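User: Please go through the aromatic rings of this model and how they pair.

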Amino acid sequence: MFSSTLVVSFISLSLLPSTLGAVYKGFNYGAGVDFNTSFRTAQSLAGTLGFNSARLYTMIENGTVNSPTSAIPAAIATNTSLLLGLYCSAGQAAFSNETIALTAAIVAYGQQFTDLIAGISVGSEDLYRSSPVGIQNKSPPGDTVVNLTSYIKQTRNVLQTTSNGIAASIPVGHVDTWQIWQSYPNIAALISS
């Protein structure tokens with residue numbers, strides 16, 4: 001499920017009025033799941049009002065180089081909002097595959113897809129994993145503020161140019177641990193510029 005720290009950190013980078021009042025309830029989904037069944041199950045959980053949001057960690061369909069994830073047609077079919085993730089810890093070439101998949105999804109599904117996007121997280125805990133604490137804890141590789149800033153700008157460019165501007169207002173930021181934002185308060189300004 002989305003944690004409050006996660007959502008607050010994400011939104012803090014992209015304080016757009018259209019998203020401030022939105023509340024998203026959902027789960028994190030990895031690659032290789034039956035998204036249609038998973039989204040419908042989440043929406044009909046007994047004793048709840050339903051969970052109608054999904055956080056993804058990559059735009060790329062499992063087992064492909066840069067094909068869009070099958071979560072997108074499932075989200076459209078089930079009216080599930082998406083916090084998209086673009087994986088960025090493997091360098092520019094791998095990140096380019098993420099933006100290729102994002103571009104292909106926008107072209108293929110248009111506004112019925114972009115209207116479901118709650119926001120886009122470029123990376124996940126990359127700054128933590130490259131911090132002294134992350135390295136000490138033997139975390140997987142992370143990335144730098146400089147690279148994250150570049151990846152975020154590339155993502156915003158895709159949204160502006162691919163969608164004829166209809167997706168330009170989608171919030172784009174980075175999700176990280178609260179300790180990173182607390183320890184390095186200037187990072188948010190750098191990434192959001």
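This is a predicted model: local features need pLDDT of at least 70, side-chain atom pairs count only at pLDDT 80 or more; totals for chains, interfaces and linings use all residues.

Residues are numbered from 1 along each chain as its sequence is written, and side-chain values use heavy atoms, with hydrogens and water left out.

User: How many aromatic pairs are there by this rule?
Analyst: Rings of Phe, Tyr and Trp (its six-membered ring) pair if their centres lie within 6.5 Å; planes under 30 degrees apart count as stacked, over 60 as edge-to-face and the rest as tilted. By this rule the count is 5 aromatic pairs.

User: Is the pair of Phe35 and Phe39 stacked or tilted?
Analyst: The ring centres of Phe35 and Phe39 are 5.7 Å apart. Their planes stand at 45 degrees, so the pair is tilted.

User: Which aromatic cluster do Phe35 and Phe39 form part of?
Analyst: Phe35 and Phe39 are both buried (under 20% relative accessible area; exposed is over 50%, partly exposed in between, with a 1.4 Å probe and protein chains only). The cluster consists of Tyr29, Phe35 and Phe39.

User: Is the pair of Phe95 and Tyr151 stacked or tilted?
Analyst: The ring centres of Phe95 and Tyr151 lie 4.4 Å apart. With planes at 25 degrees, the pair is therefore stacked.
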